[in-house]
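Visitor: I should like to study this chain by question and answer. May we look at the model together?

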Amino acid sequence: MEPVAQRRALLTADDYAKLPEDLRAELIDGELVMSPGPDRAHQTLVLRLVRVLDRHLGPSSDRRLLFAPFDVHLDKHNVLQPDVLVLPEGTDASEPRPLPTLVIEVISPSTATRDRGVKLERYRARGVREAWIVDRYQKSSSTGFGVGSGLPRTRRSSLRTSNESSLSPASAIA
């Protein structure tokens, strides 16, 4: 008798919603992926990014600018938590799950491969317009332009310089 491979049932966004709120996890391709808490340097960089974006977005930032943990429901099997996200202008607080126009992932050793790989691809496939990958270890950032349009253009720069962005002609992220 030959062994039978068992397929695990894929989890859905509904399954994910039943998890405890304090669980640091994402749903990626129907699999629950847990992550350790970010370190102090990671959180400091996220705070700097939020401050810069808050100044840039002005009065609308309180409705548009969010940071982890905040679930971004991409589809039935993908619920991701970018480090920082910006919702579309004019987003109404009553909208249940608007798709962000910008997501920012700050690289950590435990999440680098996933952040640069499958998460970036899921954002692109779902139509997120722009994604930034900020790597404090390489002291650089990558800005993916036209993420939603399928254009794989990327601009890489030092954390000490500005990155061109659809959000702003010269959004400084350092």
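Visitor: At which residue does α4 bend by about 35°?

Guide: In this predicted model, local features need pLDDT of at least 70, side-chain atom pairs count only at pLDDT 80 or more, and totals for chains, interfaces and linings use all residues. Residues are numbered from 1 along each chain as its sequence is written, and side-chain values use heavy atoms, with hydrogens and water left out. Helices (H or I, at least four residues) and strands (E, at least two) are DSSP runs, numbered from the N terminus. The bend, which is the angle between axes fitted to the seven residues ending at a residue and the seven starting there, is about 35° in α4 and is found at K119.

Visitor: How far apart are the end C-alpha atoms of helix α4?

Guide: The expected span of a helix is 1.5 Å times one less than its number of residues. Helix α4 has 15 residues, 112-126, and so should span 21 Å. The model agrees with this, for the end C-alpha atoms are apart by 21 Å.

Visitor: Which strands do the buried residues of α4 pack against?

Guide: Buried means under 20% relative accessible area, exposed over 50%, and partly exposed in between, with a 1.4 Å probe and protein chains only. In α4 the buried residues are A112, R114, D115, K119, L120 and Y123. Contact means heavy atoms within 4.5 Å. By packing, these residues of α4 meet β1 (25-28), β2 (31-34), β4 (72-75), β5 (78-80), β7 (102-106) and β8 (130-135).

Visitor: What is the phi of D29?

Guide: D29 lies in the loop between β1 and β2, and it counts as partly exposed because its relative accessibility is 34%. Most residues other than glycine have a negative phi. D29 is a residue other than glycine with a positive phi, a value near 55°.

Visitor: Is G30 buried or exposed?

Guide: G30 is also placed in the loop between β1 and β2. Leaving out residues up to four places away in sequence, G30 touches L10, L11 and H77. Its relative accessibility is 3%, and therefore G30 counts as buried.

Visitor: Which residues does T101 contact, leaving aside its neighbours within four places in sequence?

Guide: T101 is in the loop between β6 (84-86) and β7. With a relative accessible area of 12%, T101 is buried. Its contacts beyond those neighbours are V86, L87, P88, V128, R129 and E130.

Visitor: Which residue is joined to P69 by a cis peptide bond?

Guide: P69 is placed in the loop between β3 (65-67) and β4. Most peptide bonds are trans. The bond here has an omega of about 0°, and the partner of P69 is A68.

Visitor: Which element gives the largest share of the lining of the largest pocket?

Guide: On a 1 Å grid over the protein atoms alone, a pocket is an open set of points where a 1.4 Å probe fits, with protein on both sides within 12 Å along at least five of seven lines, and lining residues have an atom within 4 Å of a point. The largest pocket is lined by 26 residues, with R24, P38, H42, A68 and D83 nearest its centre. The elements that give two or more residues to this lining are β1, α2 (40-57), β7 and α4. The largest share, five residues, comes from α2.
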